[in-house]
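Please keep the sequence and the 3D view at hand as you read.

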Amino acid sequence: MTSTQSAPVALPRVAITYCTQCRWMLRAAYFGQELLSTFGLQIGEIALIPATGGLFTVELTYMPPKEEGQTGEAKKVLLWDRKTEGGFPETKVLKQLVRDHIDPSRDLGHSDKHGKKKEDKAEDTKQESDAKQEQGQASGSVDVRRNPDGTVCEDCK
């Protein structure tokens, strides 16, 4: 029997949903630790949410800055979806995505260097992702992870 409890949520909240069958818990925890190390007390909560089916998503719930005429409602955005993006984010890209929502004026140090503007970085990241996807299709090799009993999750492929 499961019960649902309601508790106050500290914002901004980063929710990382990961597939337990694919054994992505350590990757999820690593990303959470990196975000906490970078943003410190600016992050209210990191949630690791176990799931199945090859899921690896990162969602951010935050309070956008109030502008004239707006109510102060929390906003939820999907920052990363492994299936949509074709893989996992680089740590610096994930940090930039979080930063762009919670503190756009923040400098991330070496992650923001090399003289590129944010728009250029987003375009480069998309091009790299497209190239990796093409390489994966061309080689035809698939890294399939197996469960301890030897079975393969069909959604994880």
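The side chains of Glu 34 and Lys 95 make a polar contact at 3.1 Å (a pair of N or O atoms within 3.5 Å; within protein, one must be able to donate a hydrogen and the other to accept it, and residues adjacent in sequence count only if both atoms are side-chain atoms). This is a predicted model, in which local features need pLDDT of at least 70 and side-chain atom pairs count only at pLDDT 80 or more, while totals for chains, interfaces and linings use all residues. Residues are numbered from 1 along each chain as its sequence is written, and side-chain values use heavy atoms, with hydrogens and water left out.

Glu 34 sits in helix 1, residues 25-39 (helices are DSSP runs of H or I with at least four residues, strands are runs of E with at least two, and both are numbered from the N terminus). Its relative accessibility is 17%, so Glu 34 counts as buried (buried is under 20% relative accessible area, exposed over 50%, and partly exposed in between, with a 1.4 Å probe and protein chains only). Beyond its neighbours within four places in sequence, Glu 34 is in contact with Thr 91 and Lys 95 (contact means heavy atoms within 4.5 Å).

Which residue forms a salt bridge with Glu 34? The partner is Lys 95, with the closest N and O atoms 3.1 Å apart (a salt bridge is a side-chain nitrogen of Lys or Arg within 4 Å of a carboxyl oxygen of Asp or Glu). This pair links distant parts of the chain, as Glu 34 is in helix 1 and Lys 95 in helix 3, 61 residues apart. Side chains of opposite charge can pair when their charged atoms come close.

| Salt bridge | Closest N and O atoms |
|---|---|
| Arg 13 and Glu 45 | 2.9 Å |
| Lys 76 and Glu 59 | 3.8 Å |

Arg 13 forms its salt bridge with Glu 45, and this pair joins strand 1 (residues 13-19) to strand 2, 32 residues apart. Arg 13 is partly exposed at 22% relative accessibility, and Glu 45 is partly exposed too, at 24%. In the other pair, Lys 76 is exposed with a relative accessible area of 57%, whereas Glu 59 is partly exposed at 27%.

Helix 3 covers residues 91-102 and reaches 17 Å from its first C-alpha to its last, close to the 16 Å expected at 1.5 Å a residue (the expected span is 1.5 Å times one less than the number of residues). Its buried residues include Val 93, Leu 94, Lys 95 and Ile 102.

Now for a loop. Thr 52 lies between strand 2 (45-51) and strand 3, and is partly exposed at 46% relative accessibility. The C-alpha atoms of Thr 52 and Cys 19 are separated by 4.5 Å, although these residues are 33 apart along the chain. Not counting residues up to four places away in sequence, Thr 52 touches Cys 19, Thr 20 and Gln 21.

Finally, the whole protein. It has four helices and four strands, which run β-α-β-β-β-α-α-α from the N terminus. Buried residues make up 31% of its 157 residues.
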